[in-house]
Amino acid sequence: MIISSIPEVESLAFPSQQHKSISHTVIGITPHEIKVSPPPKRKYSTKYLVVFLSKGILGAIEGKKYVYTFYNINLPVNISKGKSQKGDALVPIGDYYILKHELKGKTMYMTLNYPNSKDAAKALKNKLITKSQYEAILAANKAGKLPPFDTPLGGPVMIRGDGIAGKKTSGNIGVQPVAMGKIWEFAKKGTPIRILP
């Protein structure tokens with residue numbers, strides 16, 4: 001199911017198989033589907049990112065093949081549920097896309113479109129945000145812009161390139177600098193990312 005207000009374009013299934021990356025092999029990644037949701041005015045792409053929180057893996061997929069698989073990514077202490085409010089130190093679960101690349105010093109960051117429209121709808125239903133905050137989040141997502149981060153939903157959520165083996169994050173996805181260099185080149189603005197439990 002699509003987790004954004006952006007129209008569904010296509011659904012691709014990725015078969016379970018061995019995926020090699022660097023000197024590692026992942027076995028038994030279960031079949032899943034990624035519903036492609038490129039932002040408005042962005043050309044459809046066959047490149048995707050997928051994060052398996054329970055496995056600590058970030059995969060870069062092109063077409064139906066894993067181009068890279070990165071292990072032992074840095075995640076929050078609690079990965080049993082997705083982010084739902086400011087300060088919960090969690091990573092959201094669902095379908096998002098890369099909205100911004102930023103270089104701060106020597107560290108690379110990629111910001112996701114969290115909160116998306118589904119996050120906003122759920123928060124409005126639970127009376128966590130106001131109608132005007134809901135509309136501001138929807139408008140930003142519709143325009144392909146960064147959503148407001150000053151609501152009770154919090155944000156931003158990023159893939160950070162300053163990861164250290166074994167380190168826990170406070171609500172972002174961390175990868176080591178060498179891995180981030182590859183992801184930075186692979187995932188452009190508009191590249192979808194599915195975050196799975």
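Me: Where does A89 lie, in terms of β7 and β8?

Reply: A89 is in the loop that runs between β7 (65–70) and β8. Helices and strands are DSSP runs, numbered from the N terminus (helices: H or I, at least four residues; strands: E, at least two). The model is predicted: local features need pLDDT of at least 70, side-chain atom pairs count only at pLDDT 80 or more, and totals for chains, interfaces and linings use all residues. Residues are numbered from 1 along each chain as its sequence is written, and side-chain values use heavy atoms, with hydrogens and water left out.

Me: Why is A89 called partly exposed?

Reply: Its relative accessibility is 32%. Buried means under 20% relative accessible area, exposed means over 50%, and partly exposed is what lies in between (1.4 Å probe, protein chains only). A89, at 32%, therefore counts as partly exposed. The phi of A89 is also positive, near 55°, and A89 is not a glycine.

Me: What makes K127 exposed?

Reply: K127 has a relative accessible area of 76%, so it is exposed. K127 belongs to the loop between α1 and α2. Its phi is positive too, about 60°, although K127 is not a glycine.

Me: How do you know whether K55 is buried, partly exposed or exposed?

Reply: The value for K55 is 41%, so K55 is partly exposed. K55 is placed in the loop between β5 (47–52) and β6 (57–62). From K55 to I73 is 18 residues in sequence, and 9.1 Å in space, C-alpha to C-alpha.

Me: Why is T111 called buried?

Reply: T111 has a relative accessible area of 4%, so it is buried. T111 is part of strand β9 (residues 107–112).

Me: What does T111 touch, not counting residues up to four places away in sequence?

Reply: Contact means heavy atoms within 4.5 Å. T111 touches Y97, I98, L99, K100, L146, F149, P156, V157 and M158.

Me: What makes T191 buried?

Reply: T191 stands at 4% relative accessible area, so it is buried. T191 is located in the loop between α3 (177–186) and β12 (192–196). Beyond its neighbours within four places in sequence, T191 is in contact with K47, Y48, L49, Y97, I98 and F186.

Me: Which backbone nitrogen lies 2.9 Å from a polar atom of the side chain of T191?

Reply: That of K188. A polar contact is a pair of N or O atoms within 3.5 Å; within protein, one must be able to donate a hydrogen and the other to accept it, and residues adjacent in sequence count only if both atoms are side-chain atoms.

Me: How do you know that the buried residues of α1 line one face of the helix?

Reply: Helix α1 (residues 117–125) has S117, D119, A120 and A123 as its buried residues. Down the axis of α1, these fall within an arc of 155°, so they line one face. The arc is that of the directions from the helix axis to the C-beta atoms. The face turned away from the buried side carries the exposed residues K122 and K125.

Me: What do the buried residues of α1 pack against?

Reply: They pack against β8 (94–104) and α2 (131–143).

Me: Why are α1 and α2 called roughly antiparallel?

Reply: Their axes cross at roughly 170° and come within 9 Å. Axes are lines fitted to C-alpha atoms, for helices over the stretch in contact, and angles run from 0 to 180 degrees between N-to-C directions. Angles under 35 degrees count as roughly parallel, over 145 as roughly antiparallel, 65 to 115 as roughly perpendicular and the rest as oblique. So α1 and α2 are roughly antiparallel to each other. Their contact is made by S117, A120, A121 and L124 of α1 and K131, Y134, I137, L138 and N141 of α2.

Me: How many residues of that contact are nonpolar, polar and charged?

Reply: The contact of α1 with α2 has six nonpolar, two polar and one charged. Ala, Val, Leu, Ile, Met, Phe, Trp, Tyr, Cys and Pro count as nonpolar, Asp, Glu, Lys and Arg as charged, and the others, Gly among them, as polar.

Me: What is at the start of α1?

Reply: A side-chain oxygen of N116 comes to within 3.1 Å of the backbone nitrogen of K118.

Me: Which peptide bond has omega near 0°?

Reply: The bond from Y114 to P115, which is cis. P115 is in the loop between β9 and α1. Another cis peptide bond joins G155 and P156, with omega about -5°.
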